[in-house]
Amino acid sequence: MKVIDKIRGMVEREGEGRTVFSFEFFPPKTEEGAENLFDLMERMVAHEPAFCDITWAAGGCTADLTLDIASRMQNMICVETMMHLTCTNMPVEKIDHALHTTKINGIQNILALRGDLRKGLEKFIQLSDGFSSALDLVKHIRAKYGDYFGITVAGYPEAHPDMIHGERGATLESYSKDLSYLKKKVDAGADLIITQLFYDTDIFLKFVNDCRQIGIKCPIIPGIMPIHNYKSFLRMTFFCKTRIPNEISEKLEEIKDNEEAVKEYGIYIGTEMCRKILASGIKSLHIYTLNMEKSAMSILMNLGVIEESKISRSLPWRRPTNVFRCKEEIRPIFWANRPKSYISRTLDWDEYPNGRWGDSRNPSYGALSHHQFMRARSRGKRLQEEWAIPLKSIDDINERFMKYSVGELKSSPWSELDFLQRETKIINEKLGQINLNGFLTINSQPSINGEPSNSPSIGWGGSGGYIYQKSYLEFFCSKSKLVSLVKQCEKLPSLTYMAVNKAGEFLSNVSQNTVNAVTWGVFPAKEIIQPSVVDFSSFRVWKNEAFEIWMRVWADLFLEDDPSRRIIEQVQGSYYLVSLVDNDYVEGDLFATFEEI
């Protein structure tokens with residue numbers, strides 16, 4: 001979705017009082033830095049920014065890295081993504097490659113820039129087969145791609161640095177010339193402006209008024225850069241030729257050797273700047289994070305824009321902002337704790353379920369690859385600490401699963417998440433008991449009968465609705481325990497199950513064409529939304545991934561000759577994977593089924 005449309009939609013739905021915020025990140029230089037950035041993005045995106053952007057560094061592998069990060073942001077982090085694109089060292093062929101790649105990855109937003117001067121040069125040098133300005137780039141994008149892309153351009157409250165000579169700032173003539181150039185970019189097809197950093201709010205407000213006076217009507221979003229470090233602050237403001245108010249300079253001079261004090265002052269100044277901007281009637285903020293979390297989040301919390309304890313969800317799972325699947329509403333529950341794996345295995349689908357799951361016999365999932373079993377270094381370290389514990393018997397395996405289910409462990413080989421689902425706390429004691437008894441749970445949800453949709457633990461979809469869930473468990477167990485469970489299911493017609501072992505031997509009391517909605521929501525003036533289903537065909541696909549995790553993730557934490565690997569392999573080869581639903585979400589008690597086993 002184009003950012004301009006998203007912002008307009010937010011205002012229409014929630015009124016002019018809604019503050020829209022967004023974040024900027026830059027590509028790290030190392031693989032470990034990239035992993036840390038994605039972890040940081042996951043945390044920050046949970047607060048639902050309108051979009052995030054990623055900066056561009058022209059040429060070579062760094063440009064490819066920007067394209068890769070942008071694609072992952074849009075499709076895996078699931079945030080509306082805006083990618084910077086510059087003219088620096090970029091022939092038209094490379095620009096077109098970047099735009100084509102961006103489009104096929106489902107991204108619709110470009111921040112069109114001329115780009116910084118190449119090192120050692122005093123003025124911009126145009127390539128013979130390139131562009132000389134952001135205006136040329138905007139015109140090219142509109143000519144080649146029509147209205148597909150939302151195009152954002154940069155605005156400079158103090159004029160572009162190239163227009164500023166000396167400490168007194170840009171002359172009135174230079175400033176006016178820069179404003180006229182900005183209008184040309186907007187007239188050529190830009191639909192949004194994000195400003196360069198500034199520290200004098202009055203300068204920004206004057207700039208907005210000046211833009212309106214010359215007929216620039218599109219939204220203008222202030223770029224806010226929190227002060228993190230004294231030296232980097234001086235370096236950045238020198239490079240951008242940014243005017244620093246005397247009171248800020250004097251205060252920073254007093255505390256420049258106390259890094260924590262500088263950071264806290266930066267949060268204070270950033271908060272006060274934003275307060276003044278919001279009070280003026282401008283309800284959008286774009287924060288230059290410098291790939292750091294604390295200052296940006298603290299400013300938003302100080303403003304009351306976000307609350308740490310209130311993270312809302314439009315669905316039980318986070319939907320990619322990829323233009324091709326932005327209307328996706330339904331998923332099989334099996335990948336609830338491995339959403340990135342599900343996304344990667346469904347990237348090539350032509351259509352994504354909306355309203356109903358459809359024909360469950362024909363889901364063409366992508367094949368398993370090494371990608372599904374890769375893990376970020378930080379997560380791999382947690383798994384190593386928590387799951388690479390020597391195993392002497394099956395009881396030790398039961399204990400690992402029990403500790404995870406009650407929250408004593410933070411990681412699981414079967415989960416990409418760094419936490420248990422919020423609703424798990426409702427049933428975690430019962431989960432702990434059945435895990436100790438040899439039913440090794442990897443997915444679950446409690447029954448819910450008409451809980452308000454803004455409930456902190458199970459809510460989704462916004463306020464005003466009601467949530468319903470059938471009790472669900474997914475677990476591994478031995479064949480003998482499965483036989484006992486099947487006998488219990490025969491006594492209780494509300495229970496439906498599917499079970500399969502690694503060899504592919506199935507047991508079930510439902511037909512292969514059954515699709516069972518296990519989560520649904522009822523909202524005012526909307527059709528019923530059923531975002532989670534249990535279906536036979538998807539379970540058959542999921543079982544291969546679930547069984548592979550035993551060896552390719554858990555056993556892989558141990559040395560090749562460690563006896564623990566043999567115990568894990570024994571379980572993998574002999575246990576069944578079971579999906580169990582209690583369809584009586586009003587009076588059913590799924591856990592009572594296990595009391596007699």
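**Sheet, helix and a lysine**

Reply: In this predicted model, five antiparallel strands make an open sheet, ordered β11-β14-β19-β15-β16. On average, neighbouring strands are turned by 10° against each other, direction ignored.

Me: What makes β11 and β16 edge strands?

Reply: β11 (440–445) and β16 (506–508) each pair on one side only.

Me: How do you know that β15 and β16 pair?

Reply: Pairing needs at least two bridges between the strands. β15 (residues 495–501) and β16 have three bridges in the antiparallel sense, so they count as paired. M498 has S508 of β16 as its bridge partner.

Me: Why is K2 called buried?

Reply: Buried means under 20% relative accessible area. K2 has 9% relative accessibility, so K2 counts as buried. K2 is in the segment before α1 (3–14). Leaving aside neighbours within four places in sequence, its contacts are Q108, N109, D147, Y148, F149 and G150.

Me: What makes the pair of K2 and D147 a polar contact?

Reply: The cut-off for such a pair of N or O atoms is 3.5 Å. A polar atom of the K2 side chain lies 2.9 Å from the backbone oxygen of D147, so the distance is within the limit.

Me: What caps the N-terminal end of α7?

Reply: D200 does, with a side-chain oxygen 3.1 Å from the backbone nitrogen of D202. Helix α7 (residues 201–213) reaches 19 Å from first to last C-alpha, close to the expected 18 Å. Its buried residues include F204, F207 and V208. Just after α7, G215 takes a positive phi of about 95°.

Technical notes
Residues are numbered from 1 along each chain as its sequence is written. This is a predicted model: local features need pLDDT of at least 70, side-chain atom pairs count only at pLDDT 80 or more; totals for chains, interfaces and linings use all residues. Side-chain values use heavy atoms; hydrogens and water are left out. Helices (H or I, at least four residues) and strands (E, at least two) are DSSP runs, numbered from the N terminus. The expected span of a helix is 1.5 Å times one less than its number of residues. Buried means under 20% relative accessible area, exposed over 50%, partly exposed in between (1.4 Å probe, protein chains only). A polar contact is a pair of N or O atoms within 3.5 Å; within protein, one must be able to donate a hydrogen and the other to accept it, and residues adjacent in sequence count only if both atoms are side-chain atoms. Contact means heavy atoms within 4.5 Å. Axes are lines fitted to C-alpha atoms, for helices over the stretch in contact, and angles run from 0 to 180 degrees between N-to-C directions.
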